[in-house]
Amino acid sequence: MIAARARRRTRSSVVVGMAGAVLAAGTACSAPGGEGAPAAPVPTTTASAGWTLPAGERIVFRSTEKGEGFGKVASVPLASPEDERTLSGISCERVHATREALSCMSLNSTNPVGYRETLYDGSGGELRFWPLPGAPSRTRLSPDSKLAAWTAFVDGESYSGVEFSTQTIVTELRGTYHGPLEAFTFLVDARPYSAADLNVWGVTFAGDGNTFYATAASAGRTWLVRGNLRGRTIVAVREGAECPSLSPDGKRVAYKKKQGTADAARWTLAVYDLASKAETVLPLKGDVDDQTEWLNDHTLLFGLPVAGTEGDYNLYTAPADGSAAEKLFIEHAWSPSVVR
């Protein structure tokens with residue numbers, strides 16, 4: 001049995017507000033690498049007043065192009081992502097969308113800095129919102145648009161040897177609030193694991209309305225975990241996997257994976273087959289510290305920061321079978337979701 005560790009909570013000047021988000025983001029699914037900046041601005045329509053997703057299959061994302069559209073929720077056609085993007089009137093730090101819902105982690109105020117999580121319906125109506133304990137990290141909606149999850153950093157809280165703390169919430173959009181995943185029973189090798197420094201982040205939902213995957217971390221170890229919402233349990237599946245994303249067919253999980261030594265570590269993506277338990281590490285060139293999205297059952301979609309900029313990202317694709325490196329897909333975009 002793995003022994004629980006004593007909690008040492010501290011007020012840290014390192015992990016406070018925006019500064020804490022920048023420092024801790026590399027651990028909880030943000031990205032510190034980069035590629036060259038594009039030469040020309042992308043075509044953009046005028047922002048609408050709220051959230052109205054155009055008809056047809058779309059890719060929804062946070063626009064990171066400089067100007068009035070920076071930070072706005074935007075979308076392009078899935079079949080022609082180079083087309084003119086449509087901007088909404090909603091600004092988000094992190095976003096995830098389906099045809100029926102939108103999850104938005106946003107800046108709530110600037111002095112002092114504050115954040116909130118807001119859930120919208122498909123026509124832009126606000127359903128529910130919650131204040132966040134710190135800077136946004138990740139958010140996901142379930143395929144049936146009935147469940148939402150989000151992870152935020154907890155300002156001012158850290159542990160011995162760990163410079164950040166997170167809180168991950170799961171709720172029904174119009175029903176039960178399931179609360180923080182840190183309160184679920186965590187099983188490692190079929191035994192309960194309890195530790196003060198346990199963090200859970202990066203949820204991805206299966207299509208059954210109950211199963212999810214996430215990351216759990218404690219005592220220098222990280223696990224890909226499978227969650228049972230009704231049973232309020234999370235079970236360790238394998239070590240060394242973070243920020244999972246379940247494929248549309250439910251057969252594989254993509255996640256970020258650390259490569260190299262402690263002194264020269266970099267992040268890439270890997271794909272894990274749930275049936276065969278085989279792992280494929282992708283031969284990516286960039287330092288990919290992101291929770292990927294599946295463009296389809298064969299292709300991953302993820303962000304890389306633009307070198308020499310602050311807050312600008314490009315989206316890339318890569319085949320999930322590891323047959324090729326990444327390719328530029330959408331410029332000035334971040335936090336994508338595919339809406340069919």
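1. Disulfide count. The chain contains 1 disulfide, where a disulfide is counted as a pair of cysteine sulfur atoms within 2.5 Å. A disulfide is a covalent bond between the sulfur atoms of two cysteines. The cysteines concerned are C92 and C104, with their sulfur atoms 2.0 Å apart. The angle about the S-S bond is -115°, and the link of C92 and C104 is left-handed. C92 lies in the loop between β3 (86-91) and β4 (94-97), while C104 belongs to strand β5 (residues 101-110), so the pair ties together parts that are 12 residues apart in sequence. C92 counts as buried, at 1% relative accessibility, and C104 is buried with a relative accessible area of 1%. Here buried means under 20% relative accessible area, exposed means over 50%, and partly exposed lies in between, with a 1.4 Å probe and protein chains only.

2. Basis of the note. The model is predicted: local features need pLDDT of at least 70, side-chain atom pairs count only at pLDDT 80 or more, and totals for chains, interfaces and linings use all residues. Residues are numbered from 1 along each chain as its sequence is written, and side-chain values use heavy atoms, with hydrogens and water left out.

3. The chain as a whole. The secondary structure comes to 1 helix and 26 strands; helices (H or I, at least four residues) and strands (E, at least two) are DSSP runs, numbered from the N terminus. Of the 340 residues in the chain, 53% are buried. Among contacts with a separation of 6 or more, 48% join residues 24 or more positions apart, a contact being heavy atoms within 4.5 Å. The accessible surface is about 14,400 Å², and 50% of this surface belongs to carbon and sulfur atoms; the areas come from the Shrake-Rupley method with a 1.4 Å probe, and for residues only the protein chains shown count as cover.

4. The nonpolar cores. The largest nonpolar core has 20 residues, and F186 and F212 have the most contacts inside it. Such a core is a set of buried Ala, Val, Leu, Ile, Met, Phe, Trp, Tyr and Cys residues joined through side-chain atoms within 4.5 Å. A second, separate core has 18 residues, including A101, M105, Y115 and L141. Beyond its neighbours within four places in sequence, F186 is in contact with several residues, among them P192, Y193, W223 and I234.

5. Strands β14 and β15. In β14, 7 of its 7 residues are buried. β14 pairs with β15 in the antiparallel sense over 5 bridges; two strands are taken to pair if DSSP finds at least two bridges between them. T204 stands opposite Y213 in β15. The hairpin of these two strands has 5 residues between them, and G209 takes a positive phi near 75° there.

6. The sheet that includes β5. Four strands with antiparallel pairing form an open sheet in the order β4-β5-β6-β7. Its edge strands are β4 and β7 (126-131), each pairing on one side only. Neighbouring strands are turned by 20° against each other on average, direction ignored; the axes are lines fitted to C-alpha atoms, for helices over the stretch in contact, and angles run from 0 to 180 degrees between N-to-C directions. Within the sheet, 9 bridges join β5 to the antiparallel strand β6 (residues 113-121), and S109 has G114 of β6 as its bridge partner.

7. The sheet that includes β23. Another open sheet has 4 strands in the order β22-β23-β24-β25, with antiparallel pairing. β22 (293-296) and β25 (327-330) stand at the edges with a single partner strand each, so one side of each is left without a neighbour in the sheet. The twist averages 45° from one strand to the next. β22 and β23 pair over 3 bridges, and W294 stands opposite L300 in β23. T299 is found in β23 (residues 299-305) and counts as buried at 17% relative accessibility. Residues up to four places away in sequence aside, T299 touches E293, W294, T317, A318 and A320.

8. Residue A152. Where does A152 lie? A152 is in strand β9, and it is buried with a relative accessible area of 1%. The C-alpha atoms of A152 and M105 are separated by 8.9 Å, although these residues are 47 residues apart along the chain.
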